[in-house]
Amino acid sequence: MNASPARLHAGFWSIAIAFLTAMAFSTVPTPLYPLYMRRDGFSTFTVTVVFAVYAVGVVISLLLAGHISDRLGRKKILIPALALELLAAALFLTSSSLPVLLAARFVTGLGVGMITATATAHLQELHAAHQPGASRQRFEVVSTAANSGGLGLGTLIAGLLAQFVYAPLRTPYLVFAGLLALSILLVALTPETVTRAPDRYRYRPQRIGAHGNRMVYLTAAVSALASFAVFGVFTSLAPGFVSGTLHHSSRALAGAIVFAVFGAAAAAQALTGSLSAAAKTRLGLLAQASGIVVLVIGMHTASLAAFLVGGVVAGIGAGVLFKAAVGSVAASAAPAERGEALAGLFLIAYLGLGVPAIALGVATRSLPAVTVMTWFAGILLVLLATVALLSRRTAPTATPGAPAPELPSAGAGTAGGPVRDLAHSAR
């Protein structure tokens, strides 16, 4: 990679902007689903199907393409991925009918699955090339802000636009279509960080398996599963709980609440950079467990304050726990396998994102949402206890000669979970 320091510096920030924009776009529909339901008569179960299609798109993309930037190059994956996001924005603008909405969310998922691990690895490599031997703090803070901060920013911008501007189901997508087009240009001008091997590349799908230390990978996988379950379920519940049970119809409020959760996760990740991996894991477990308990209490008591506090605390825990998981996988994987290792971890995480949220949506058709959420909280606490037990057997190790930096991603695209009308929970 022959690039001047100025180009590497500009490229680092270009990838950060593109990453932020893509993650923000993936959550734009979250505060808009109640509008779709009122305008087009969608049921809550229909919105659950929409979310399922998005999650399927992400998993398919991670399985088929999330890892190949290690061989083909970061830009050759990022540019098509951003183009898919731009296509999804165009689909949203074309029609609000269910088939078009399903197609748009599926395409969004495909793009997000290609972007997450690729953009994270690209940021790390540009930072290392621009400032060799320097502290990882800039990379950690920027990566966190771009990923988890972007997820929250998307809901906030969409909620504000939907509340205060004309054409709430069009304007947010118009704004992000322009930002995505700019992001493609920025990535095209960024230096490539992967030198393609001279031998012919033999494609294979993503493998879900240990990269480096097997116990480290297993602990990280369970941590990712638990963390994304919180992100996915909270994103699914927030708009419906606020507009249904609490009777607050403000789309700006719904977007701001989700933003608060992801913003708290991003801030916690940035502020815990000096902690050891073990300390991050302990903090994440404690905060996530206590937060989910408070969140359920808020649902039982129909308290917006408790629901918000629980969500923020659980988000902090999930963000820090996932940061520790990603960092441990990156540190134990060989550099040539880093993208694949991260893609495999994100693939497991997205199973945690999609399956609980979809199961919750199906279960609330026959049971009160508070009852279902209480059961979910119990299962999640068992999962967190499993992480605690596994982490006690895991020593923080890294492959000698391959000190991969910690890659702090709070989540990738917990976008637009199904809206739950939790008014039924008061029955």
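The expected span of a helix is 1.5 Å times one less than its number of residues. With that in hand, let us turn to the structure, which is a predicted model.

I begin with helix α12, residues 304–332. Its 29 residues reach 42 Å from the first C-alpha to the last, close to the 42 Å expected at 1.5 Å a residue. Of these 29 residues, 22 are buried, so α12 is largely enclosed by the rest of the structure.

Just after α11, A302 takes a positive phi of about 55 degrees.

How does α11 pack? Two packed helices are described by the angle between their axes and the distance between the axes. The axes of α11 (residues 277–301) and α14 (residues 369–392) come within 10 Å and cross at roughly 170 degrees. Angles over 145 degrees count as roughly antiparallel, and α11 is therefore roughly antiparallel to α14. On the α11 side, the contact includes L285, I292, V296 and M299; on the α14 side, M373, F376, L380 and L384 are among the residues involved. By class, this contact has 17 nonpolar, 5 polar and no charged residues.

Finally, the aromatic residues. The count comes to 10 aromatic pairs. In one of them, the rings of F12 and W13 have centres 5.3 Å apart and planes at 90 degrees, so the pair is edge-to-face. F12 is buried, at 0% relative accessibility, whereas W13 is partly exposed at 37%. Elsewhere, F228, F231, F262, F322, F346 and Y350 form one aromatic cluster.

Methods:
Residues are numbered from 1 along each chain as its sequence is written. This is a predicted model: local features need pLDDT of at least 70, side-chain atom pairs count only at pLDDT 80 or more; totals for chains, interfaces and linings use all residues. Side-chain values use heavy atoms; hydrogens and water are left out. Axes are lines fitted to C-alpha atoms, for helices over the stretch in contact, and angles run from 0 to 180 degrees between N-to-C directions. Helices (H or I, at least four residues) and strands (E, at least two) are DSSP runs, numbered from the N terminus. Angles under 35 degrees count as roughly parallel, over 145 as roughly antiparallel, 65 to 115 as roughly perpendicular and the rest as oblique. Contact means heavy atoms within 4.5 Å. Ala, Val, Leu, Ile, Met, Phe, Trp, Tyr, Cys and Pro count as nonpolar, Asp, Glu, Lys and Arg as charged, and the others, Gly among them, as polar. Buried means under 20% relative accessible area, exposed over 50%, partly exposed in between (1.4 Å probe, protein chains only). Rings of Phe, Tyr and Trp (its six-membered ring) pair if their centres lie within 6.5 Å; planes under 30 degrees apart count as stacked, over 60 as edge-to-face and the rest as tilted.
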